Protein chains: 2
Amino acid sequence: MEMESCVPPGFRFHPTEEELVGYYLKRKINSLQIDLDVIVDIDLYKIEPWDIQARCKLGYSEKNEWYFFSHKDKKYPTGTRTNRATAAGFWKATGRDKAVLSKNNIIGMRKTLVFYKGRAPNGNKTDWIMHEYRLQTSEHAPPQASSSISSID
Amino acid sequence: MEMESCVPPGFRFHPTEEELVGYYLKRKINSLQIDLDVIVDIDLYKIEPWDIQARCKLGYSEKNEWYFFSHKDKKYPTGTRTNRATAAGFWKATGRDKAVLSKNNIIGMRKTLVFYKGRAPNGNKTDWIMHEYRLQTSEHAPPQASSSISSID
């Protein structure tokens, strides 16, 4: 809401994946300043998908996509597996990861996840889809990811 | 191109009709400053639709809509009819004018026009569509209009 007042009327936040990864995520991970605070920080594992919208307000009535940063939470302190459970359900990866390109170079990867209500390995599939982006070098970088979440009807 | 550099990455110019009329056209007619010079001035009757794109560059490769201001040109010095001919053809209104609303008030009107190659009353219809916006009070205001033009495949 408040960030839109810095941008002239008529401009909407419709980033490309290259911009999301190459500008926003890269700067976030490197603790560099981001021009406008358009992407909020949330703790994805303490919030249900239907509550994310209220946290990521950008003020478009027609909007059904939200952008946020979230730390990746490890399932076990010593392991590399990611915990993607919330109180009401869990995010489960679907399909293959997709490369994000910039001038023919792979700068990041996109993972697509679907939200299930309940507990793995059971649970009921919902229409909530998340795209989780990571830098290509993110194995060696702090565990931080930019994600976009969208409701699909 | 140069205007985009003033807006953070990821923002695109996708104005609503309310913004086009209530902000851009209103300020233009009242000679008020517009935050970013995103809408250029052209003389619509001296330029063919396929040449407009080069004048209205906003730097989106995926873009097939362009925005510009143009003075309305009268067909006869003393009349009220509008001359919408170019060297190669003419713009012809189609359908009914549509109201542009802001908080349930009519703030402007939108006229839809199609470009025909050749000379009226003949000419060959093309896929070029223009939306011409006027303020609701524009009969008493200087003859200036904001228009959006789009190529339809």
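This note goes through the interface between chain A and chain B in a predicted model.

1. Residues are numbered from 1 along each chain as its sequence is written, while chains are lettered from A and ligands numbered from 1 in the order in which they are written. Local features need pLDDT of at least 70 and side-chain atom pairs count only at pLDDT 80 or more, whereas totals for chains, interfaces and linings use all residues; side-chain values use heavy atoms, with hydrogens and water left out.

2. Chain B gives 17 residues to the contact and chain A gives 17 residues, contact being heavy atoms within 4.5 Å. The two chains bury about 1500 Å² between them, 67% of it on carbon and sulfur atoms, where buried area is the accessible area (1.4 Å probe) that two parts lose on being put together, summed over both. Of the area that chain B buries against chain A, 41% comes from B:Pro9, B:Phe11 and B:Arg12, more than from any other three residues.

3. Two salt bridges are counted between chain B and chain A, each defined by a side-chain nitrogen of Lys or Arg within 4 Å of a carboxyl oxygen of Asp or Glu. A salt bridge joins the side chains of B:Arg12 and A:Glu19 (2.8 Å, N to O).

4. Strand β1 (residues 11-13) of chain A pairs with β1(B) in the antiparallel sense over three bridges; strands are DSSP runs (E, at least two residues), and two of them pair if DSSP finds at least two bridges between them. In this pairing A:Phe11 stands opposite B:Phe13 of β1(B).

Note on methods:
Helices (H or I, at least four residues) and strands (E, at least two) are DSSP runs, numbered from the N terminus.
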